[in-house]
Amino acid sequence: MSRSRPPPLVTGISPNEGIPWTKVTIRGENLGTGTPDLIGLTICGHNCLLTAEWMSASKIVCRVGQAKNDKGDIIVTTKSGGRGTSTVSFKLLKPEKIGVLDQSAVWVDEMNHYDMRTGRNKGIPPLSLRPANPLGIEIEKGQFPQKDLEVLFPGMSADFTSENLSAAWYLIENHSNTSFEQLKMAVAHLKRQANKKSEGSLAYVKGGLSTFFEAQDALSAIHQKLEADGTEKVEGSMTQKLENVLNRASNTADTLFQEVLGRKDKADSTRNALTVLQRFKFLFNLPLNIERNIQKGDYDVVINDYEKAKSLFGKTEVQVFKKYYAEVETRIEALRELLLDKLLETPSTLHDQKRYIRYLSDLRAPGDPAWQCIGAQHRWILQLMHDCREGCARDLTGTPGLHSAVSDPDSDARPPALGHLGHTASLKRGSGFQSGRGDAWRYKTPQRVAFVEKLTKLVLSQLPNFWKLWISYVNGSLFSETAEKSGHIERSKNVRQRQSDFKKMIQEVMHCLVKLIRGALLPPSAAEGGVRPGTGREVKAELSGQWLAHVIQTLRLTYESLTALEIPSDLLQTIQDLVLDLRGRCVAVTLQHTAEEIKRLAEKEDWIVDSEGLTSLVSMASLKELDQRLFENYIELKADPIVGSLEPGIYAGYFDWKDCLPPTGVRNYLKEALVSIIAVHAEVFAVCKGLVPRVLSRVVEAVSEELSRLMQCVSSFSRNGALQARLEICALRDILAAHLTPESRSSFKQALEALPQLSSGAERTLLEELLNRVKGSMHLQLACFQAAPPPTVKT
């Protein structure tokens with residue numbers, strides 16, 4: 001017999017030891033081309049071919065029989081390859097025999113064995129009812145990747161016993177090289193198998209017809225015997241004797257096996273209980289797992305387990321499940337209370353608040369935990385403000401002076417008035433009103449000013465998170481999608497009901513802030529009957545104008561910070577009113593102090609009387625010096641931005657005087673400069689109309705000087721560039737004519753002289769038309785630069 005394939009080679013067996021009838025998986029190479037090709041299989045010298053199931057050329061499944069040797073090789077023999085070899089061995093273990101009446105610590109598997117003596121299968125086959133080759137033709141495994149097949153046939157299977165069988169997948173995997181003629185033979189084989197199954201019970205009766213005849217003969221004989229015994233006594237009938245025998249046999253069996261059957265029933269109950277415990281161990285272990293995860297802070301795990309248990313056992317009617325699920329609900333209720341306590345704790349971060357609210361919404365907590373948190377935060381802010389007042393009260397108790405330094409362990413000996421809002425502004429502002437006092441005032445902050453600083457700092461540190469918590473409550477980001485979809489959180493309805501309540505909370509915080517500041521800084525008449533924080537009695541000493549100005553700046557910066565949170569302006573109106581009152585108080589105090597200083601001028605003045613009997617106050621020189629310094633600083637503040645924007649504006653967009661288009665009007669940089677000058681005009685006009693010529697003339701001088709410098713720096717002009725430059729210089733000169741000085745006129749003249757002269761009358765005409773067009777288009781904006789008409793005198 002020729003061998004067309006290499007001999008089989010066994011390279012592995014799993015498990016590699018076991019008792020007889022252990023199911024093993026044999027792996028190797030060239031283990032046959034199909035079930036018909038497998039003609040021999042021995043394990044430890046025992047023939048296992050009858051229980052063998054060929055799976056593929058590299059895998060065979062079988063059961064180990066009653067082997068002769070304790071350890072031996074696994075030998076596979078095929079038609080195509082002959083007798084094979086093995087590189088592994090199998091060890092046969094001797095099973096412990098358990099008698100009928102013997103007790104055992106393990107459950108003996110009641111399996112159906114294959115009867116080797118009769119060759120009949122009692123019950124289910126050792127492996128499965130699946131035939132090795134349903135098509136009846138040789139199987140040749142293809143080389144197609146399993147992953148590609150799974151992608152090609154999603155949700156299907158190549159197992160012909162599966163409900164999702166894909167015939168195409170099965171043929172590709174097992175018969176990719178099979179010819180069409182062989183497939184036709186396979187179809188005929190399948191039809192024959194189907195016809196056999198369709199015969200049903202009729203074929204079974206035909207096969208056992210002789211057995212039915214024997215049974216009928218036996219029943220007829222019994223019937224005849226019963227008719228013959230009918231004339232005898234009942235006690236002596238055959239059926240009575242048979243019944244007695246059966247009863248005695250039953251009683252004897254009960255006596256012999258009562259203990260065994262009892263143990264079996266108990267074992268069955270134990271096994272069933274263990275099966276239930278194993279199957280539903282998730283629920284039985286859940287109360288303990290909840291406790292452990294809560295201690296570790298793994299609230300997400302607890303919530304996920306609870307949702308799973310609720311979906312599986314929330315509506316169960318089994319008593320033991322109901323008992324354990326009730327225990328789970330008890331633990332969850334305790335978790336809800338724990339999370340709510342953590343949510344309402346203060347102080348707390350916004351991140352933790354959102355996290356606890358989301359947990360409570362997932363756990364279906366009753367009420368509205370988010371709104372409870374908002375209320376707790378509101379009460380916490382008010383409490384902090386009152387604690388701040390009480391702290392200031394303790395500092396003021398027994399303090400002889402109001403301008404003593406405030407004790408602050410975090411200030412590092414620096415004045416708290418300069419450590420908060422407006423630090424830079426305070427330094428700049430202080431240079432204007434600290435003359436004669438040195439730097440000592442910086443380190444002697446009044447306690448009332450320090451109180452305002454601390455109070456505003458407290459509000460700005462707490463209110464943003466409070467406002468963001470409300471915004472998150474409104475837009476629903478506090479709640480999980482699960483809670484939203486479940487309908488447990490009626491957010492839109494709650495928001496509408498809570499808007500007015502939250503507005504009252506903000507108003508209460510603002511009212512408390514303003515009330516405490518008014519009581520600290522303003523006299524009782526201006527503070528609406530309030531008192532200074534601390535002692536409850538009126539503090540007679542008044543803050544100086546410089547400290548009131550510092551407080552006003554602090555409040556303004558506080559207002560800007562609150563406005564940046566997009567808090568509605570009507571809720572912050574009380575702060576605006578307080579700033580207005582403080583400004584009035586600051587002016588009143590400043591004027592009062594100024595009047596007192598003027599009264600004391602006589603004490604400081606050395607009188608010099610001239611020949612006409614007039615005196616010359618030395619302080620006039622100081623006033624003039626102060627006026628000039630303030631004026632120069634203001635001009636620098638307003639003129640520098642305008643002057644600095646000219647050069648970038650002129651050359652914006654890579655503008656080139658040598659290559660430009662014919663002019664159609666002035667460019668945007670000139671319009672922006674005029675708008676800036678108009679803004680300065682409006683600001684000065686609103687304060688003092690008489691200062692307008694003085695200020696604008698200096699601003700115009702700075703602008704004209706810069707424009708002249710820029711024109712003189714240009715190397716050359718084209719005709720269009722020269723016309724464009726002349727148009728812009730003349731337009732600016734003519735518009736600002738009412739505020740020109742000799743210096744500014746000279747600068748404009750130098751700028752025009754740096755330009756090429758107009759060469760034709762057409763250019764002069766175009767220049768004039770363009771100037772008129774510019775003045776006409778900006779007539780409304782330029783009205784402020786027109787000279788005022790002389791006042792008319794009524795006669």
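Four cavities of 30 Å³ or more were found in the predicted model, a cavity being a set of points on a 1 Å grid over the protein atoms alone where a 1.4 Å probe fits but cannot get out. Grid points are joined across faces, edges and corners, and a volume is the space filled by probe spheres set on the points. The largest cavity has a volume of about 50 Å³. Eleven residues line the largest cavity, and His46, Asn47, Cys48, Thr51 and Arg63 are the closest to its centre; lining residues have an atom within 4 Å of a point. The lining comprises six nonpolar, four polar and one charged residues, where Ala, Val, Leu, Ile, Met, Phe, Trp, Tyr, Cys and Pro count as nonpolar, Asp, Glu, Lys and Arg as charged, and the others, Gly among them, as polar.

The model is predicted, with pLDDT of at least 70 needed for local features and 80 or more for side-chain atom pairs, while totals for chains, interfaces and linings use all residues. Residues are numbered from 1 along each chain as its sequence is written, and side-chain values use heavy atoms, with hydrogens and water left out.

Helix H12 spans residues 447–475; helices (H or I, at least four residues) and strands (E, at least two) are DSSP runs numbered from the N terminus. The 29 residues of H12 reach 42 Å from first to last C-alpha, close to the expected 42 Å, which is 1.5 Å times one less than the number of residues. A bend of about 30° occurs in H12 at Leu463, with Pro464 following within four residues; the bend is the angle between axes fitted to the seven residues ending there and the seven starting there. Just after H12, Gly476 has a positive phi of about 85°.

H10 (residues 369–396) packs against H12 at about 175°, with the axes 10 Å apart; axes are lines fitted to C-alpha atoms over the stretch in contact, and angles run from 0 to 180 degrees between N-to-C directions. H10 is therefore roughly antiparallel to H12 (over 145 degrees). Their contact has 20 nonpolar, four polar and three charged residues.

Cis peptide bonds join Ser14 to Pro15, with omega about -5°, and Thr346 to Pro347, with omega about 0°. Pro15 lies in the loop between strands S1 (9–14) and S2 (17–18), and Pro347 in the loop between helices H8 (319–344) and H9 (350–362).

Note on methods. 1 Å grid on protein atoms, 1.4 Å probe; cavity = no way out; pocket = protein on both sides within 12 Å on 5 of 7 lines; lining within 4 Å. Parallel < 35°, antiparallel > 145°, perpendicular 65-115°, else oblique.
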